[in-house]
Amino acid sequence: MNHQESQRPEKVNPLEMRDLGFIESGNNDGLDDNHDQDELADSSQSRQAVDESDSSEDEVAPRNTIGDVPLEWYKDEKHIGYDIAGKKIKKKERQDKLDSFLASADDSKNWRKIYDEYNDEEVELTKEETKLIRRLLKGKAPHAEFDPYAPYVDWFKWDDAKHPLSNAPEPKRRFIPSKWESKKVVEYVRAIRKGLIKFDKPKEEPRLYLLWGDDSSSADRTKHLAYIPPPKPKLPGHEESYNPSLEYLPTQEEINTYQLMYEEDRPKFIPKRFTSFRSIPAYENAIKDSFERCLDLYLCPRVRKKRINIDPESLKPKLPSRKDLRPYPVTCYLEYRGHEGAVLSISVEPSGQWIASGSKDGTVRIWEVETGRCLRVWELGEAVQHVAWNPLLELPILAVSVGSDVLILNTGFGNEEQQRKAKELLQIGTPTSSDDSDDISSVLSWLQDEKHDCIRLRHFRTVSSIEWHRKGDYLSTVMPAGESRAILIHQLSKKLTQRLPFKHHGLPVSSVFHPTRSIFFVATKKNVRVYDLLRQKLIKKLETQLREVSSIAVHPAGDNVIVGSKEGKLCWFDMDLSSKPYKTLKCHPKDITNVAFHRSYPLFASCSDDCTAYVFHGMVYADLNQNPLIVPLEILRGHTSSDGRGVIDCKFHPRQPWLFTAGADSSIKLYCH
Amino acid sequence: MSLEQFLLAKGISAEKILEIEYIRAVAPRKEEEPSPHDDWVSAVDGSSPRFILTGCCDGLGRVWKEAGLCTHILEGHSDAISSVSIINSEALGSVTVATASKDRTLRLWKFDAEDSNDHPAMIRAFKILRGHNASVHSVAAKTSGDMVCSGSWDCTINLWRTNDSDTDGDVVSIKKRKVNSKAEQSQSEGEAVSMLVGHTQCVSSVVWPQHETIYSASWDHSVRQWDVETGKDLSNIFCGKVLNCIDVGGEGSALIAAGGSDPILRIWDPRKPGTSAPVFQFSSHSSWISACKWHDRSSFHLLSSSYDGKVMLWDLRTAWPLSVLDTHKDKVLCADWWKGDSVVSGGVDAQLRICSDISIP
């Protein structure tokens, strides 16, 4: 016991062992290896050395085989254990301390000796072993030849497999047909042959089919009602909040005004403010609301509304740009001032040098277009309703309607020859009209007016409009109140008058001659009638669908008519197309007073009591397949309203793209391009 | 506008170097008293430094020695005079002038410019030129003085001889009216020598600046150049607007200035090949342009009168008018240079205004 205690530190630290000067006796070569095994059991490197020594194991003395049992159990025994053959290994005889000390003092190699308690022997460490121990003590690898920084050797082949987890080769079963499967197949085949397994019959393709598509889907649709989801109830907004912002709260005045409203218009919910959650009362209408919702869902038929997605831009007609349609009247540069009342009518001389105007102040004036100089004034004493130049250049006469009279004035223009002819024409020889027809003579008389040196046609009713035939010999007058004799046609050369041989329908407003053919247009309040004067019959009736027609103008080619109405609508009729309006333009907020076509440019205009005149591009194509092109171009302003009337008449210059407008403000304006 | 204001207005930094082009202000320094007429003054000619010839809408032509001093009254037209032209003013004794009128005739007059009385002398025409079918709008005299041309509403330009019927027997048939022969002065009638046809609308203005060429402006939107000998039009320029006045002058006496039914005064250079676009456009007026005249010495200056009541003096090198004469109360119908340093203009207010003392280099 004592021995063992003293030996233990030696074992731990051999260097100290030398210092302490322990001397171990009974050196045994054979036990060297045992000692080795004990000391360096944890090192794999040392095991090799042990294995090497194992080869000489047979020669060495048998060693203890007691295993890992406390050695105290053998303390009092004579043996320390058993060898491999089961024989007891006897304890060696102990030297006393003094002897062992002396022996260790003598033996220079004593410091290498270690006592192996297990095998009860002294082991002498070799030089290599001490070196090994020293290296271990320094914390180095025990063997000097071990290189801790050896170059790294990559043992795996990474190139072959992306995932090197399983680099196993393909198993064989993958290549050979499965025995069990073939057995199963054979089993099925037999079952089919026996008729145990039956297949579905192949579907037959219908031999007949619907040529015009499948109508089954529509039939399906009608069979049952499609489910239409109920509309979602409106979610509460800010005002339904228990503490809405101040702007949602109605003032007391507003709440009072709610009481004056009808029950339906009254707001259902009046926002109120509560400072805290706990002060909110119960919503008194909760049950009522949900009941009404249920009632709605139950009773209201629901229809799926089909919304068509159309770009509003695409609905706009593609019109050419205004710039490409120049020239057209744009600006007012000239004004013809001198009248003292509203100018009711204007007419431009066919060459475009002069313009005649008739006014409410009872005068007819002739102006020079270029300078605005008033050349002649006739005082007629009564409001001049209508003026019209003779369309012949060489016949400078002017037809003027004053009250129930129509005056044919000699303007005094033209050379001597023309003047002579005009004067001749305006002389009434003998009153021959009486023998022509009795009813006409009673309502109309041709008189010579000495004061103005002109012809006076006395009608029996107020004449509202005069229109010349293109050859300058005939003129038609319209008396709206004339009933069956409302429209008369006068022949200037023979001083004859005839009634229009047609039955009148409605109140006539205006009349126009066709620009090239013997066709006569009569505009009544509701529609326009087109008569053939040669065959004496009605050709067409243009249904305007307007409340009250106010004016009419015929395109110089004769196939298109524009009609202005008192509700501010302008209708364009293409007579080849239909008797309904081709286009209806709603531009003016007030009555259209007059419409006009340009003689050579593709322009037309309308003027209205709202003090504006509109200019349009109205292109008529020779190709009958192409519809007329109508483009609004310009709004001409400048006139001022007077007496509720604005622009009363408009006429185009015969050769320039200029528009004359006559206003109720007693001025005539010229708009130039 | 001062330079500082200009910089502020244009947002130009004061650090920048500005190139300032200086053009002398040309403005009349003296406004002479108006010469009153009985009606609108529709035509004026100031090509003679000795007198001013005006035409009036009452059918009378007047000769003014100076402002307010009328020496002669040309009496005979039955309608408004639309244009006047001085044919030769160099002759010391008598001066020949031509007037065109709305009564479809032109009349030639002779008077002595030197004699001056307190009371204006009444002059009768020595020759009446008949042949136009519509009112005559414009008359221009050849530089040599033996012919005049006239433009009319009947779309034609007529050429007439101006010499006295006594010396010229072969061209026209001469009729001495018996009524007129009783009068102290004989009147002869002339017929057109030739007629230039080509315009489709009213010929509103003619000029005869060179011996062989006549320029005409018309309501059919064109300016035409005529060869007098052949009667053909050499070139025409289309403008798109009705033209009321034309004048040829400027650099090399070749630039055509014309104004019409819009506020833009256009100047063409006919020598520029293949172009119908104006080389200059002046657009300070606000209404129709009634007259335009080149200065006879300076090739840069011209004047224009407009229905907006203004007469403007222009320099080709600037876009803005050198000065605006705003003396008329209503439309200005005619304007001309006089003596090289004055502007005479007549208008609807029946006044002939003379603005003098304009220094043009």
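## Contacts and make-up of the chains

In chain A, 50% of the contacts between residues at least 6 apart in sequence join residues at least 24 apart. This is a predicted model. The corresponding share in chain B is 48%, again counting contacts between residues at least 6 apart and asking which join residues at least 24 apart.

Chain A holds 13 helices and 33 strands. Chain B has two helices and 31 strands. Of the 673 residues in chain A, 40% are buried. In chain B, buried residues account for 58% of 361. Chain A exposes about 42000 Å², with carbon and sulfur atoms supplying 53% of that surface. For chain B the accessible surface is about 15200 Å², and 49% of it belongs to carbon and sulfur atoms.

## Nonpolar cores

The largest nonpolar core has 27 residues. Those touching the most other members are A:Tyr336, A:Ile355, A:Val369, A:Trp658, A:Phe660, A:Leu670 and B:Trp288. Four strands of chain A give two or more residues each: S5 (331-337), S6 (343-348), S32 (659-663) and S33 (667-672). A further core of 22 residues lies apart from this one, and its members include A:Ala422, A:Leu444, A:Trp446 and A:Leu492.

Beyond four places in sequence, A:Val369 touches A:Leu334, A:Tyr336, A:Ile355 and A:Gln353, among others. Its partners also include A:His653, A:Trp658, A:Phe660 and A:Leu670. One of them comes from the other chain: B:Trp219.

## The interface between A and B

The contact involves 23 residues of chain A and 26 residues of chain B. Interface size is often given as the accessible area lost when the parts come together. Here the buried area is about 2100 Å², and carbon and sulfur atoms give 49% of it. On the chain A side, A:Tyr333, A:Glu370 and A:Arg373 supply 32% of the area buried against chain B, more than any other three residues.

Three salt bridges link the two chains. Twelve residue pairs are in polar contact across the interface, both residues at pLDDT 80 or more. Strands S5 and S33 of chain A each supply at least two residues to the side that touches chain B. S5 of chain A gives the most, with three residues.

A:Arg373 sits in the loop between strand S8 (363-368) and strand S9 (374-379) of chain A. This residue counts as buried because its relative accessibility is 11%, under the 20% cut-off. A:Arg373 forms a salt bridge with B:Asp39, with the closest N and O atoms 2.7 Å apart. Leaving out neighbours within four places in sequence, A:Arg373 contacts A:Ile366, A:Trp367 and A:Glu368 in chain A, and B:Asp39, B:Trp40 and B:Cys57 in chain B.

A:Glu368 and B:Lys102 make another salt bridge, at 2.6 Å from N to O. The pair runs from strand S8 of chain A to the loop between strand S8 (94-101) and strand S9 (105-112) of chain B. Both A:Glu368 and B:Lys102 are buried.

## Salt bridges within chain A

Over all chains the count is 28 salt bridges. Shared partners join A:Glu335, A:Arg337 and A:Lys669 into one network. A:Glu313 and A:Lys316 pair at 3.7 Å, N to O.

A:Glu240 and A:Lys234 also form a salt bridge, their closest N and O atoms being 4.0 Å apart. A:Glu240 is partly exposed, at 29% relative accessible area. A:Lys234 is exposed, at 69%.

## Two residues in detail

A:His339 lies in the loop between S5 and S6 of chain A. With a relative accessible area of 6%, A:His339 is buried. Beyond four places in sequence, A:His339 touches A:Ser357, A:Ser359, A:Asp361, A:Thr363, A:Arg365, A:Trp367, A:Ser666 and A:Ile668. The side chains of A:His339 and A:Thr363 make a polar contact of 3.3 Å. A:His339 and A:Ile668 are 329 residues apart in sequence, but their C-alpha atoms are 8.9 Å apart in space.

A:Arg499 belongs to strand S18 (residues 496-499) of chain A. A:Arg499 is partly exposed, with a relative accessible area of 32%. A:Ala486 is 13 residues away from A:Arg499 in sequence and 8.2 Å away in space, C-alpha to C-alpha.

Methods: Residues numbered from 1 in each chain as written. Chains lettered and ligands numbered in written order. Predicted model: local features only at pLDDT ≥ 70, side-chain atom pairs only at ≥ 80, totals over all residues. Heavy atoms only, no water. Buried < 20%, exposed > 50% of the residue type's maximum accessible area, 1.4 Å probe, protein only. Contact = heavy atoms within 4.5 Å. Areas by Shrake-Rupley, 256 points an atom, 1.4 Å probe, with all protein chains shown as cover. Core = buried A, V, L, I, M, F, W, Y, C linked by side-chain atoms within 4.5 Å. Buried area = accessible area lost by both parts, 1.4 Å probe. Salt bridge = Lys/Arg side-chain N within 4 Å of Asp/Glu carboxyl O. Polar contact = N/O pair within 3.5 Å; in protein donor to acceptor, adjacent residues only side chain to side chain.
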